[in-house]
Amino acid sequence: MTSKQLLKFITDIFLPNRCVVCSKVIRWDKIMCKACDEKLERITDSVCPVCAKKECLDHASLNFDAAVCLYSFEEPCITGIYQLKHAQNISFARHSAAELAKVLEKRGLAQGIDLVTCVPMSRRKKRKRGHNHAEVIAGYLAKRLDKPFDGKLLIHANTMTEHHKLLGKQRTENAKSSFSISPSHKDISGKTVLLCDDVYTTGATMNACADCLKQLGAKRVIAAAIASTQRGRKREK
Ligand SMILES: [Zn+2]
Ligand SMILES: [Zn+2]
């Protein structure tokens, strides 16, 4: 047992460890209870390896080369991500990053990655939230994959538009105008970049960020997210 684990074990005696989703008391070294873990709908083997959707996006319009998503954006994944975004509980990110790393390794994508980055958050929002959850996921993933993390490649303009309230085409336009290359970026010519976010919906955000990374000279961009919404889901059921 490492000193960090020992501290967690002792803390657990006074402050019991709880499931990140349902708050049930769980073993000191777990993140989720068994019931919540089993309820998570894994989608890694049932989606397109390029766009990570069951019903493909238009591949010709994609600026990234591959995408990896872990879970369908349904409960209890929604609560796990809410905890990460709004309640400063980053356990779900740690758990998901470990799982994402396994998938990247299984698909043979991990080895070629040169650096890890994330979808940036506007400074105003970061101040309000206290952290950029995409950066937390990317940080854990970089550590797991033993690759360098660079969070200073892209910037998010302080726009007032709330992206999640927009629809398809509006999202694409909003995303395009929201992200740009950071003036203090490093040289990433010829590199393979892993781009991280929490939820992958229409792909507009990942696509806009991947476009910037390609403009910076990235050879390949792999998009990774904890969750994905599935357009074709209802019809398939
Ligand atoms: Zn639970
Ligand atoms: Zn596809």
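These legends describe close-up views of a predicted model of a protein chain.

**View 1. The whole chain.** The protein chain has nine helices and six strands. Its radius of gyration is 18 Å, close to the 18 Å that the globule rule gives for 237 residues, so the chain is as compact as a globular protein of that length. Along the principal axes, the C-alpha atoms fill a box of roughly 50 × 45 × 40 Å. Of the 237 residues, 39% count as buried. Now take the contacts between residues at least 6 apart in sequence: 72% of them join residues at least 24 apart.

**View 2. Where the two domains meet.** The chain is divided into domain 1 (1–39) and domain 2 (40–236). Their C-alpha centres lie 27 Å apart. Seven residues of domain 1 are in contact with ten residues of domain 2. What kinds of residue make up the side of domain 1 that touches domain 2? Five are nonpolar, two are charged and none is polar.

**View 3. The largest nonpolar core.** This core has 68 residues. Ile-137, Leu-141, Leu-195, Ile-222 and Ala-223 have the most contacts inside it. The elements that give two or more residues to the core include the strands β1, β2 (115–118), β5 (192–200) and β6. Helices α3, α4, α6 and α8 (204–215) also give two or more residues each. Which element gives the most? Helix α6 does, with eight residues. Both domains take part: the core draws at least three residues from each of domain 1 (1–39) and domain 2 (40–236).

**View 4. Ile-222 and Leu-194 inside the fold.** Start with Ile-222, setting aside residues up to four places away in sequence. Ile-222 touches Phe-64, Asp-65, Ala-66, Val-68, Leu-109, Ile-113, Thr-192, Leu-194 and Leu-195. Now move to Leu-194, which sits in strand β5. Leu-194 has 28 other C-beta atoms within 10 Å, so it is buried. Leaving aside neighbours within four places in sequence, Leu-194 is in contact with Ile-113, Val-116, Leu-141, Ile-222 and Ala-224. For a sense of distance, look at Cys-36. Leu-194 and Cys-36 are 158 residues apart in sequence and 28 Å apart in space, C-alpha to C-alpha.

View 5. Helix α4 covers residues 91–106. At 1.5 Å a residue, its 16 residues should span 22 Å, and its end C-alpha atoms are 23 Å apart, which agrees. Which residues of α4 are buried? They are Phe-92, Ala-93, His-95, Ser-96, Ala-97, Leu-100, Ala-101 and Leu-104. An α-helix has 3.6 residues a turn, so residues three or four places apart point the same way. The buried residues of α4 pack against β1 (66–72), α3 (77–86), α6 (133–145) and β6 (220–228). Just after α4 comes Gly-108, with a positive phi of about 75 degrees.

**View 6. Lys-53 in its loop.** Lys-53 is found in the loop between α2 (34–39) and β1. Is Lys-53 buried or exposed? It has 21 other C-beta atoms within 10 Å, and the cut-off for buried is 20 or more. Lys-53 is therefore buried. Compare its place in sequence with its place in space. Lys-53 and Thr-229 are 176 residues apart in sequence, yet 8.0 Å apart in space, C-alpha to C-alpha.

**View 7. A cis peptide bond.** The bond that joins Glu-75 and Pro-76 is cis. Its omega is about 5 degrees. Pro-76 is found in the loop between β1 and α3.

View 8. Ser-23 is not a glycine, but it has a positive phi of about 70 degrees. Ser-23 lies in the loop between α1 (3–14) and α2. Ser-23 counts as exposed because it has 11 C-beta neighbours inside 10 Å, and the cut-off for exposed is 12 or fewer. Asp-146 is also a residue other than glycine, and its phi is positive, near 60 degrees. Asp-146 is found in the loop between α6 and β3 (154–156). With 9 other C-beta atoms within 10 Å, Asp-146 is exposed.

Key:
Residues are numbered from 1 along each chain as its sequence is written. Chains are lettered from A and ligands numbered from 1 in the order in which they are written. This is a predicted model: local features need pLDDT of at least 70, side-chain atom pairs count only at pLDDT 80 or more; totals for chains, interfaces and linings use all residues. Domain bounds come from an automatic or database domain assignment. Ala, Val, Leu, Ile, Met, Phe, Trp, Tyr, Cys and Pro count as nonpolar, Asp, Glu, Lys and Arg as charged, and the others, Gly among them, as polar. Helices (H or I, at least four residues) and strands (E, at least two) are DSSP runs, numbered from the N terminus. The expected span of a helix is 1.5 Å times one less than its number of residues. The radius of gyration is taken over C-alpha atoms; the globule rule is 2.2 Å times the number of residues to the power 0.38. A nonpolar core is a set of buried Ala, Val, Leu, Ile, Met, Phe, Trp, Tyr and Cys residues joined through C-beta atoms within 7 Å.
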